[in-house]
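Dear colleague,

I am handing over a structure that you have not seen before, and below it I set out what was found in it. Please look through the sequence and the model first, and then read on.

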Amino acid sequence: MASTRLAKVLLILPCNGMARVGDYRLGRGWRAVLKAIRPWRERGVVELAAVECIDMLGLVHEDEAYLVKGKEEYPAWSDFRRSPEKLLMLKEAVKKRLRELAPRYDYIVAHVNVRAYYLALKEASEELGIPVRFTNIERFSPMAFSKGIKQVVSILEEICPLRGD
């Protein structure tokens with residue numbers, strides 16, 4: 001009996017305050033996402049990455065969060081709006097990491113409710129021709145992030161249905 005390989009998915013989320021301890025997974029929003037996607041995580045389908053402006057890292061894979069330990073930077077839209085070059089630098093950093101990470105995955109999904117992060121990732125993916133499936137964020141707010149977790153699950157169910165549950 002042939003077994004079908006499950007797809008590999010990179011789920012991109014915004015960074016959070018737990019960067020300072022070196023583990024985004026401890027952040028409240030990430031914990032809610034992890035709970036919702038547990039069946040895919042248990043099967044090794046989904047890995048996570050953060051869009052990160054600390055040191056203009058761009059994207060930080062969950063296993064690389066030690067890179068931001070002890071550091072903090074809040075991605076306020078007003079800072080990016082005042083300094084368009086900062087948004088451009090972030091986009092270029094995201095492009096670099098997206099180019100490196102993309103070949104490891106069959107799909108890339110993004111649930112990003114931070115305006116600068118969303119714009120940088122969207123433009124980077126379009127410029128590189130690397131498809132990223134975004135959840136529909138109506139507003140860039142913590143409430144929108146929480147509401148959108150159901151969309152993440154729906155997308156995972158669509159692209160990588162789990163059988164035998």
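The lining of the largest pocket is made up of 16 nonpolar, seven polar and six charged residues, where Ala, Val, Leu, Ile, Met, Phe, Trp, Tyr, Cys and Pro count as nonpolar, Asp, Glu, Lys and Arg as charged, and the others, Gly among them, as polar. Please bear in mind that this is a predicted model, in which local features need pLDDT of at least 70 and side-chain atom pairs count only at pLDDT 80 or more, while totals for chains, interfaces and linings use all residues. Residues are numbered from 1 along each chain as its sequence is written, and side-chain values use heavy atoms, with hydrogens and water left out.

The volume of the largest pocket is about 760 Å³, and of the 29 residues that line it, Cys15, Tyr74, Asn113, Val114 and Pro142 are the closest to its centre. A pocket here is an open set of points on a 1 Å grid over the protein atoms alone, where a 1.4 Å probe fits, with protein on both sides within 12 Å along at least five of seven lines, and lining residues have an atom within 4 Å of a point; the volume is the space filled by probe spheres set on the points, which are joined across faces, edges and corners.

Turning to the cysteines, the structure holds zero disulfides (pairs of cysteine sulfur atoms within 2.5 Å). For cysteine 15, the nearest cysteine sulfur is that of cysteine 53, 5.5 Å away. Cysteine 15 counts as buried because its relative accessibility is 14%, and cysteine 53 is buried with a relative accessible area of 1%, buried meaning under 20% relative accessible area with a 1.4 Å probe and protein chains only.

As for the strands, an open sheet of five has the order 3-2-1-4-5, with mixed pairing; strands (E, at least two residues) are DSSP runs numbered from the N terminus, and two of them pair if DSSP finds at least two bridges between them. Strand 3 and strand 5 (133–134) stand at the edges with a single partner strand each, so one side of each is left without a neighbour in the sheet. Strand 2 (residues 46–52) and strand 3 (residues 58–61) run antiparallel and are joined by four bridges. Within this pair, alanine 49 has histidine 61 as its bridge partner, and glutamate 52 stands opposite glycine 58.

With best wishes

Terms used
Buried means under 20% relative accessible area, exposed over 50%, partly exposed in between (1.4 Å probe, protein chains only).
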